[in-house]
Amino acid sequence: MGRKNATGNKTSTVDRYRQELGRQEKKVTAEHRREIKRLKSEQETVSYWKMFSKNLITRLLNIEYPLIQAPMSPLTTPELVASVSNAGDEIRHVRSLTNKLFGVNLFIPSIQYDILPHEIDSVRKELKKLIVDKRLKNFSIYIDSIPVKLTKDIFSEQIEIVLNEKVSVLSFTFGCLSDDIINKCKQLGIKLIGTATTTKEAVFLKHRGCDAICLQGSEAGGHRGSFLTNDIETIEQSTIGLQSLLSQTTQFIDPTVYPLIAAGGIMDGIGLANAI
């Protein structure tokens, strides 16, 4: 007995068996090729890290690999910091979980301004107008009852804790530390890492005494670390991608003698290789 194939010819049981055997062989061969590719990729990754494991940043921070866990306020937990380091109270908590180096990241506070009563009234008026325009019928918050007060400046308290605990690394964003704080950190051996989104910011931070600079491309999620952006031109400059930022900055700062850290959109081996 036979079965007709697509051309109308009959195929015997033996032919069908041979065809199925051929398909199975192809399947095994494809799976074998994928496994070889996977193993080769792992071997290349190991070789890659052996090649690039030591550079300026690993020597500066005394770490094994040039990888740094990005600060993610408020999502970064002591357990997360400790796990990355191993491959106040929070600082001591992290120290209790790892004997490896870790850093603390702080936001440079913006200039505090007095808020005048007529400015508050103006904002409330606009909010009420927005509720009417958007027809937010179920909006249950009474605008006039919302309290308005300046946020408490805790930066000085945070710095005091960092200095008292003598953390290994202090990184910061949205500006630069004062000369007094920089000098105190230097005296205690605390390494300083500033955040830059433009070449101008990077050069500024280097001249202020940072031991390394984190270059944050526009691909980076969350907050943008820009601080020298007071007009349209500088704001536009701060929105360039990581590779362009690296290229522009290395024209003014030699990465072979000064540590630059790449941040923003690094999601695979190619991005990692390009950054390093």
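**A parallel sheet and its surroundings**

Phenylalanine 139 counts as partly exposed because its relative accessibility is 37%, where buried means under 20% relative accessible area, exposed over 50%, and partly exposed in between (1.4 Å probe, protein chains only). The model is predicted: local features need pLDDT of at least 70, side-chain atom pairs count only at pLDDT 80 or more, and totals for chains, interfaces and linings use all residues. Residues are numbered from 1 along each chain as its sequence is written, and side-chain values use heavy atoms, with hydrogens and water left out.

The chain contains eleven helices and seven strands; these are DSSP runs numbered from the N terminus (helices H or I, at least four residues; strands E, at least two). Of its 276 residues, 29% count as buried.

Five of the strands form an open sheet with parallel pairing, in the order β3-β4-β5-β6-β7. Two strands are taken to pair if DSSP finds at least two bridges between them. At the edges stand β3 (103–107) and β7 (260–263), each of which pairs on one side only. From one strand to the next, the twist averages 25°, with angles running from 0 to 180 degrees between N-to-C directions and axes fitted as lines to C-alpha atoms, for helices over the stretch in contact. Within the sheet, β4 (residues 169–173) and β5 (residues 191–196) are joined in the parallel sense by three bridges; valine 169 has lysine 191 in β5 as its bridge partner.

Helices pack against this sheet. Helix α8 (residues 199–208) touches β4, β5 and β6 (212–216), and its direction makes about 160° with that of β5; contact means heavy atoms within 4.5 Å. Helix α6 lies across β3 and β4 and runs at about 165° to β3. Its buried residues include Phe155, Ile159, Val162, Leu163 and Glu165.

Most residues other than glycine have a negative phi. At 27% relative accessibility, phenylalanine 174 counts as partly exposed.
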